[in-house]
Each structure stands twice: as C-alpha cells, then as structure tokens.
Amino acid sequence: MIHRIPPGTRDIMPDEMRELRRLHLAMIDVFESRGYGEVATPSIEYDDVLARGDGRAASSSYRFFDERGDLLALRSDMTVPIARLVASRYSGAEMPLRLCYLANAFRAVRPQRGQMREFAQAGIELIGASAPEGTVEIIEVLEAALDAAGLNRAVIGLGDADLYRQLLEELGIEGEARDAVLARLATHDLVGLEAELSEIEGIGAEQVETCVALSQLRGGREVLDRALEMGGDAVQRAGARLDETYEELDARGVADRVQIDLGLLRDLGYYSGAILEVYDPALGHILGGGGRYDRLLRRFGVDLPAAGFALYLERVHVAQIEEEERKS
Amino acid sequence: MSVGFAGTGRAKAEGPLKLAVPRGALFEETLDLLDAAGIETAAVRGESRALIFDEGEIVLVTMRPSDVPTYVEAGAADIGITGKDVLLEQSDRMVYELLDLGYGRCRMVLAGRAGDERLGESARRLGMMRIATKYPRIAERHFESTGRQVEVIEVKGSVELAPLIGLADGIVDLVASGRTLEENMLEVREEILECTARFVANRVAHKLRGEEVDGLAARLREASIG
C-alpha cells in the first residue's frame, strides 16, 4: 500500500545514502581539517528569534504553535541559527570563531517544480574575521570542499552586495523605485531594469546604460577596470573591495576559479560586502552560495564581522555523478 | 519521469550553445532574426520533423513557446527566445531576460461581447466577473492590481468561445490584429500590457559561458535593430 509524503520531501534509500554519506564525510573532513568545528542546532526555533536575522518576512515558510501557544518556525538556513548560537554561547570568546555544519533546512516550494521543501546543506561560518582576510579564507575552504567533491571545474562567482544599494543611493533613487530596480537586478531582468530606470525622473539615458552594462560585467580581474571606467563613487568603493579580495586570492594562488561578477545579487536580506555563488558546468542550477554578513550578528547583540557559505548537498551529489560520468 | 532529484536538472553547459526556438506564431520571425544574425536556419525551415538542428556553432532546439522557460531554467537549453506573455505567465521561472527583440508585438487585453454590458453588470450586481483565459496568472494579477474580484476560468483552446456561450463574462487574451475578436463579435475593453519576443538565458550558462552568451546577445540586438 502506498502512503503519501508531502511534495518536496523524499525518502533516501541505501544506494544513494551510501554515496551521500561519503560526500558528507568528505565535506566535514575538509572543514574540520581547517579548524572548523561542527555544530548542530535545533530544526525548530522560536519564530521571533529567527525573524531577528532576516528582517523580511521570508525568514521561515513553516510556522506553528507549540503546546503553550508559542510560535515556532522551521529554520530556512543555518546562518541565522548559528548567529543566534554565537550570541548566546560565545559572547566574549576569543575570535575568530570557526564553525561548520551539515544540516537540513526548510523552504516553501512552488507546486510541480520539483523543488525541495527539505534539503541538506553543508557549510561554514567564520565569525570575527573581517574583509578581505575572512572572505579569502572562506573562498579557500570552499574551493577545497569543491575539490573534495570532485568538482574541479566548478566556478565561484564573487560579487558585492552593497554595490547597487550604494549606487542607487548615489543616483538618488529611493523608496519604491529603489525596490523595483533592485528586484529587476536580482532576477536579472535587463529589459525590465532598463524600463524601470528610464521611468525615474532625473535619470538620464547614460546612467541607465551604465547600470545595465555594470550588471553584465563578469570575468577576471579585467572587469574591475571596465567597471571603474564607468565611474561613480559606489562603483569605486565596491571595485576597491573586490580588488582587494581578488588580489589576496591571487597571492594565495586560489583566484583561478573565482569569477568577478558585478551582476551578482543574493536574495537573502542579511548580506553585505562580498557575496558568492557556486556553479558547475554540469548543472543548470547554482550549487550554493554565501558571502559576508557583517551586520547580521549585531541584530543578535554581538557586533562581529562574519562570512560563510553553504552548499546544497543533493545538487553537489548530482553534479558529482555528472562529473564522474564525464571523466569515465 | 525526470531523472535525479529535484530542483537540480541535469543539463550540461558544454559543447555548442543550445538555443530554444519557439514554434508557432513567433517561429518565422525568429528564424528571420537568426538569419540576420548569421545563424543557419535552412534545415529548421525544411520539411523535417526533427526537433533538434545542429548548426555547428549553435544547436537550435524547437519547442512550444510556453516550454521555453522550462527548458532554459533547467539548463537543458542555455538560451532561448519566447514571448513576454509566456515569461509573465511563468514569472516564477528563474531565467535571465536579456533582450527585447521587438518583434511578435501583440497586446494582452480584456475583451467582452460587442455591445453587451454583461461584464459591467456582473461586476455591479454580483461583485464578481467571470473571466476565461489561457493566462490565469496574468489575468489574476491584473484584476488584483486594479482592485476587482474575478473568477478566473482557465481554458486551453479557443478562448473566444467562452463568453459566446455563457461560460464567462469576458476573456483575457493575446491580440495581434484583432480579427479573431471581431469575427466572434468581441471587442477590446481594456489593454493590460504589450508583449514582444524576448531573449532569455539560463543563470549558470550566463555566468559560465558569458562571452558566448553576450556575443550572441550583441548579434541578436544588432540584427533586431537592423
């Protein structure tokens, strides 16, 4: 007899589990060998605590009441619970603090899209190390993790979360117009972006073109030069941050797989400064992401810079199988 | 059923770029544009029933316009061309919209029976209009954003039929010349938006094959202007 399970959830059978387990171990090995201690946090937390981390209502898709009537929520990622953990348990501890995890998180799914409601993430959080050193360190660990998974062709996109916030401020775009422009940038709707910008009073054709062109710049170190030519304070500042990070990556010999991307915009609200996305040519979807969130821990009462990344383990597994087939 | 598990898709961003080409109303103009951009289309124009045409630098994959976002989102096709109406109806598909190609211009409209006040009457006396459409999400969004309550009825075939025999008070549909409406004694009551063909790209292909995607976008832009 067949009994249903909710869409977006699944059973894992022994053959797959065996492979996933190997992947889990490989990830944790990489993290532990670099000084990141593994932690676990509860899958359910108080909704108001999680909501602190992500200002937007999108913090959790699943909320329910416990027996006392308190509102609980299923975590939608591990970064916010770890921020909570650090504030509660490591206040006053020696920094930087290196933590890693392998955990399931929960997000809403759109029907009939094969999206997962419950999915596994492996990642690290580096607390108390600022840019660029902290950023460079997490990128190094990320590269090691990708190598350990056999994804030698994977590419890491490196962008700046503050670029457009500052650029729009500089252009005097605020309120609803600003949100509309950011939404177009986040979905990479260039036609809509051009239309939105053109409608704003005081924004000339040249500025529209600059904004659109900027979001298309991706590649090696040379894209920074091209960005700087476009001018503006915000571009200068973001360019300088990226340049500093990239130079340091280069110095440590790990810049090859990093692609500077001025069109990168993560949809999570807490990022600031460097942001990352991970791609593999074998897969049409992103494998994971991360970046800096220097203002997140402040919301939990400890003012520390932080950075981290998370890989979607099931997607890494699919890419791993593709890469194996390609090599054989 | 699909292989692997979900949310991943297993497409490969290797070999020549795969371009999703829409069959149907946009087909001819799309091929003309590709010709102008220097991409070989003779084989696609031929009598062949094949769906995939390898043109060396690029592989043309022909499909229904409404399937283009699905293939491109999953990375099964790296890039594609489809109508804005399709993109809006499937706005939750994560594809990058890179270019307005300008052709295939048509309007999404609300239409009712000519000289008949049923639309207004239903709204006044029942507080609700029944709207038949092939674009339920666009229709819902339009009425929601204008603060009106409607019952959206999704139909697959000739939507003009619905108000004629009493399934709905009006329709939301795509209109090019307006002849179909006229022949069925329907008239445009409201314009919702204007649609043209768009060039879209898969997220990962846009990142990992930037030069090729940008290069093709530039050629298409040039060709669509010229």
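**From chain to core**

Of the 328 residues of chain A, 47% count as buried, a residue being buried if 20 or more other C-beta atoms lie within 10 Å of its own, exposed if 12 or fewer, and partly exposed in between, with C-beta atoms placed from the backbone. This is a predicted model, in which local features need pLDDT of at least 70 and side-chain atom pairs count only at pLDDT 80 or more, while totals for chains, interfaces and linings use all residues. Residues are numbered from 1 along each chain as its sequence is written, and chains are lettered from A and ligands numbered from 1 in the order in which they are written.

Chain A has eleven helices and twelve strands; helices (H or I, at least four residues) and strands (E, at least two) are DSSP runs, numbered from the N terminus. The radius of gyration of chain A is 20 Å, close to the 20 Å from the globule rule for 328 residues, so the chain is as compact as a globular protein of that length. That radius is taken over C-alpha atoms, and the rule is 2.2 Å times the number of residues to the power 0.38. Along its principal axes, the C-alpha trace of chain A spans about 65 × 55 × 50 Å. Of the contacts in chain A with a separation of 6 or more, 68% come from residues 24 or more positions apart, where a contact means that the C-beta atoms, placed from the backbone, lie within 7 Å.

Strand β7 (residues 155-160) of chain A has six of its six residues buried. In a regular strand the side chains alternate between the two faces of the sheet. In β7(A), Val155(A), Gly157(A) and Gly159(A) are buried on one side, and Ile156(A), Leu158(A) and Asp160(A) on the other. Which strands pair with β7(A)? Strand β10 (residues 274-279) of chain A pairs with β7(A) in the antiparallel sense over six bridges, with Asp160(A) opposite Ala274(A). Strand β9 (residues 258-261) of chain A runs parallel to β7(A) and is joined to it by three bridges, with Gly157(A) opposite Gln259(A). Pairing requires that DSSP finds at least two bridges between two strands.

Helix α6 (residues 175-187) of chain A has 13 residues and should span 18 Å at 1.5 Å a residue; its end C-alpha atoms are 19 Å apart, which agrees. The expected span is 1.5 Å times one less than the number of residues. Val181(A), Arg184(A) and Leu185(A) are buried in α6(A). Seen down the axis, the buried residues of α6(A) fall within an arc of 100°, so they line one face of the helix; the arc is that of the directions from the helix axis to the C-beta atoms. Cover for these buried residues includes α5 (163-170), α7 (190-199) and α8 (205-215) of chain A. The face turned away from the buried side carries the exposed residues Gly175(A), Glu176(A) and Asp179(A). Just after α6(A), His188(A) takes a positive phi of about 60°.

The largest nonpolar core has 135 residues, and Leu311(A), Ala20(B) and Ile79(B) have the most contacts inside it. Such a core is a set of buried Ala, Val, Leu, Ile, Met, Phe, Trp, Tyr and Cys residues joined through C-beta atoms within 7 Å. A second, separate core of 21 residues includes Leu110(B), Val150(B), Ala162(B) and Ala168(B).

Notes
Contact = placed C-beta atoms within 7 Å.
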